Amino acid sequence: MFANHLHQKLEKLYPGISRGVIEQGENPRNTYNQEIQKQSVLLNIGGTENTMEEAFRATDALAEAIKEIVQEP
């Protein structure tokens, strides 16, 4: 699953940055439209306790991890 692969890559590059993966449940009220596209991922970056600078740094880390995954053979 892509989400788990992304989590593992983030943990390799930046240990502790990811809080893990929560798989879509069977409750249709908790899908956030992921059922529309089978290969979708919902990402939460930062929270109320984070600054915008921290969120931007996390986004840079996420971009690096995705780039590495896309470039894998």
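Some ground rules. Residues are numbered from 1 along each chain as its sequence is written, and side-chain values use heavy atoms, with hydrogens and water left out. Since the model is predicted, local features need pLDDT of at least 70 and side-chain atom pairs count only at pLDDT 80 or more, while totals for chains, interfaces and linings use all residues.

Let's start with the whole chain. The protein chain has two helices and zero strands. Helices here are DSSP runs of H or I, at least four residues, and strands are runs of E, at least two, numbered from the N terminus. The chain has 73 residues, and 16% of them count as buried. Buried means under 20% relative accessible area, with a 1.4 Å probe and protein chains only. Now contacts, meaning heavy atoms within 4.5 Å. Take those with a separation of 6 or more: 52% of them join residues 24 or more positions apart.

Next, the helix pair. How do H1 and H2 cross? Their axes come within 9 Å and cross at roughly 115 degrees. Axes are lines fitted to C-alpha atoms over the stretch in contact, and angles run from 0 to 180 degrees between N-to-C directions. On the H1 side, the residues are Phe2, His5, Leu6, Lys9, Leu10 and Leu13. On the H2 side, they meet Ala61, Leu62, Glu64, Ala65, Ile66, Glu68 and Ile69.

Now the core. Which residues make up the largest nonpolar core? Five do: Leu6, Leu10, Leu62, Ala65 and Ile69. Such a core is a set of buried Ala, Val, Leu, Ile, Met, Phe, Trp, Tyr and Cys residues joined through side-chain atoms within 4.5 Å. H1 and H2 each give two or more residues. H2 gives the most, with three. Look at Ala65. Beyond its neighbours within four places in sequence, Ala65 contacts Leu6, Lys9, Leu10 and Leu13.

Last stop, Ser18. Where is it? Ser18 lies in the loop between helix H1 (2-13) and helix H2 (52-70). Ser18 counts as buried because its relative accessible area is 19%. Its side chain makes a polar contact with the side chain of His7, at 2.7 Å. A polar contact is a pair of N or O atoms within 3.5 Å; within protein, one must be able to donate a hydrogen and the other to accept it, and residues adjacent in sequence count only if both atoms are side-chain atoms. The Ser18 side chain also reaches the backbone nitrogen of Gly20 at 3.1 Å.

Notes:
Buried < 20%, exposed > 50% of the residue type's maximum accessible area, 1.4 Å probe, protein only.
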